[in-house]
Amino acid sequence: METSAGIILTYKKKILVAHPTNSAITGTWSIPKGHVEEGEELLETAYRETLEETGLKLDFNNIDPEPILIQYTKKTGSVYKKLYAFHYEVQSLESIGLEYEIIPFQQLQLEEVDFAAFLDENNLRKFMFWRLEPILKFIK
């Protein structure tokens, strides 16, 4: 079973999501996340993947160490992937090295993602991968 970890970055009732390179425009966006390497802690993976995909250097101490678990299930009900998502509340864009709610193109890991931005709930519902709906509780 695949295990991945990522970070739910919230800012002013918005969540940072990224569009996977060469994917459909709707139904594919996700939080920065990736595969947990052997011997790597979940929180380390979440931090590393966020840095790699977005170039954002977060204050590691501000990440909530208690993740939510999102399980990907087949139609049969069996789980084939587990995503551990940690929350990080952004106090100001400047605190994470941004001027705007869109990640500068040159910071992105283009092999993985071609756009990343903070989106409100309406846009999240249009663009994000449906399995990630549990993350919306962080913007209520």
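Predicted model: local features only at pLDDT ≥ 70, side-chain atom pairs only at ≥ 80, totals over all residues.

Reader: Fine. Which residues touch the most other members in the largest nonpolar core?

Author: L9, L56, Y88, I96 and F118 do, in a core of 23 residues.

Reader: Which elements give two or more residues to this core?

Author: The strands are β1 (2–10), β2 (15–20), β5 and β6, and the helix is α1 (42–54).

Reader: What does Y88 touch, leaving out residues up to four places away in sequence?

Author: Y88 touches I7, I8, L9 and T10, then L58, D59, N62, I63 and I96. Another core, of 18 residues, lies apart from the largest one, and its members include I31, L119, L136 and I139.

Reader: Switching to rings. How many aromatic pairs are there?

Author: The count comes to 7. In one of them, the ring centres of W29 and F115 are 5.8 Å apart.

Reader: Why is that pair called edge-to-face?

Author: The planes of W29 and F115 are at 70 degrees, and anything over 60 counts as edge-to-face.

Reader: Where do the two residues sit in the chain?

Author: W29 is in the loop between β2 and β3 (33–35), while F115 is in strand β6.

Reader: Is W29 buried or exposed?

Author: W29 is buried, because its relative accessible area is 6% and the cut-off for buried is under 20%. F115 counts as partly exposed, at 33%.

Reader: What about Y72 and F129, how are their planes set?

Author: Their planes are at 45 degrees with the ring centres 5.7 Å apart, so that pair is tilted. Y72 belongs to strand β4 (residues 68–73), and F129 to the segment after α2 (121–127), 57 residues apart.

Reader: And how accessible are those two, Y72 and F129?

Author: Y72 is buried, at 4% relative accessible area. F129 counts as partly exposed, at 23%.

Reader: Which residues do ring pairs link into a cluster?

Author: Y72 and F129 are in it, together with Y80 and W130.

Reader: Last one. Where is P104?

Author: P104 lies in the loop between β5 (79–89) and β6 (113–119). With 28% relative accessibility, P104 counts as partly exposed.

Reader: How far is P104 from L56?

Author: P104 and L56 are 48 residues apart in sequence and 10 Å apart in space, C-alpha to C-alpha.

Notes: Residues numbered from 1 in each chain as written. Heavy atoms only, no water. Helix = DSSP H or I, 4+ residues; strand = E, 2+ residues; numbered from the N terminus. Buried < 20%, exposed > 50% of the residue type's maximum accessible area, 1.4 Å probe, protein only. Core = buried A, V, L, I, M, F, W, Y, C linked by side-chain atoms within 4.5 Å. Contact = heavy atoms within 4.5 Å. Phe/Tyr/Trp six-rings, centres within 6.5 Å; stacked < 30°, edge-to-face > 60°.
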